[in-house]
Amino acid sequence: MEFLGSASGASFITRARRRPAYDDSKEFKSKNLNAERRRREKLSSRLLTLRSLMNKATIIEDAISYIEALQRDVKVLSDQLLEMESSSEEREKPRIDEINAAEEMKKNGIEEDVQVTKIDGKKIWMKIIFEKKRGRFTKLLEAMTYLGFEMTDTNVTTYKGAILLSACVERTYGGSLEVEETWELILQIIRGI
């Protein structure tokens, strides 16, 4: 509204200015509307491109830090492996108790021996006597497992530098067990250890 008149006068004349009412049926079109829309779309696409580049940069940074961590782990593990190899070379020297065990076994007349007796078609009983040295028992079990022997009712005893292993054995694969063949295999395993 617009007021006309003097400030000193008591009467004011009021004149209402009429504005056109907003009509929903007509679209308000600005001459810059399309240009503004293109500018916003261009800005939006550039922001999306920037975000994707930042995501790629973040991924690359993460990959670089992960590779560096792996390289540090490789160095630590390599150092540990070298330490283990150097200490294993020291361990390869026979220990005094191992030398004494072998001598004691021979002094007491105990010799390496393998006895195999067939129980039935699938099972045999075996008795093995061999020198008590570090790792020999484990290697024997690994070789027997590799050849398909499954031991049940196993008894292990050590006495005067010797290990006595008695067990009931089944063959899990490779056919039935023959006494002579099994005896030769076990003897080869013991002598090869």
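**From a hairpin to the core**

Let us begin at the hairpin formed by strand 5 and strand 6, where two residues lie between the strands and Lys160 adopts a positive phi near 50°. Please bear in mind throughout that this is a predicted model.

Thr157 stands opposite Leu164 of strand 6, and Glu150 has Glu170 of strand 6 as its bridge partner.

Where else is there a positive phi, in a residue other than glycine? Asp153 has one, near 50°. This residue is located in strand 5, and it counts as exposed because its relative accessibility is 68%, the cut-off for exposure being over 50%. Asp153 is also touched by Ser166, a residue of strand 6. Is Ser166 buried or exposed? Its relative accessible area is 15%, so Ser166 is buried, the limit being under 20%. Leaving aside residues up to four places away in sequence, Ser166 touches Trp125, Met126 and Lys127, as well as Asp153, Thr154 and Asn155.

Four strands make up an open sheet with antiparallel pairing, in the order 3-4-6-5. Strand 3 (113-118) and strand 5 (149-159) are the edge strands, each pairing on one side only. From one strand to the next, the twist averages 15°.

Which helices accompany this sheet? Helix 3, residues 136-146, packs on the sheet and touches strand 4 (123-131), strand 5 and strand 6; its direction makes about 150° with that of strand 4. Helix 4, residues 179-192, lies across strand 3, strand 4, strand 5 and strand 6, and runs at about 155° to strand 3.

The two helices also meet each other. As a reminder, a packed pair of helices is described by the angle between the axes and the distance between them. For helix 3 and helix 4, the axes come within 10 Å and cross at roughly 145°. Helix 3 passes helix 4 in a right-handed crossing. On the side of helix 3, the contact is made by Arg136, Leu140, Ala143 and Met144; on the side of helix 4, by Ile186, Ile189 and Ile190. Sorted by class, these are six nonpolar residues, no polar residues and one charged residue.

That brings us to the interior. In soluble globular proteins, nonpolar side chains tend to be buried together. Here the largest nonpolar core has 18 residues, and Met126, Ile128, Leu140, Met144 and Ile186 have the most contacts inside it. Strand 3, strand 4, helix 3, strand 6 and helix 4 each give two or more residues to this core. Which element contributes the largest share? Helix 4 does, with five residues.

Finally, let me place these elements in the whole chain. The protein chain has four helices and six strands, and from the N terminus on they follow the order β-β-α-α-β-β-α-β-β-α. Of its 193 residues, 17% are buried. Among contacts between residues at least 6 apart in sequence, 57% join residues at least 24 apart.

Thank you; I would welcome your comments.

Methods. Residues numbered from 1 in each chain as written. Predicted model: local features only at pLDDT ≥ 70, side-chain atom pairs only at ≥ 80, totals over all residues. Heavy atoms only, no water. Pairing = 2+ DSSP bridges. Axes fitted to C-alpha atoms, helices over the stretch in contact; angles between N-to-C directions. Contact = heavy atoms within 4.5 Å. Left-handed = near helix turned anticlockwise from the far one by under 90°. Nonpolar A, V, L, I, M, F, W, Y, C, P; charged D, E, K, R; others polar. Core = buried A, V, L, I, M, F, W, Y, C linked by side-chain atoms within 4.5 Å. Buried < 20%, exposed > 50% of the residue type's maximum accessible area, 1.4 Å probe, protein only.
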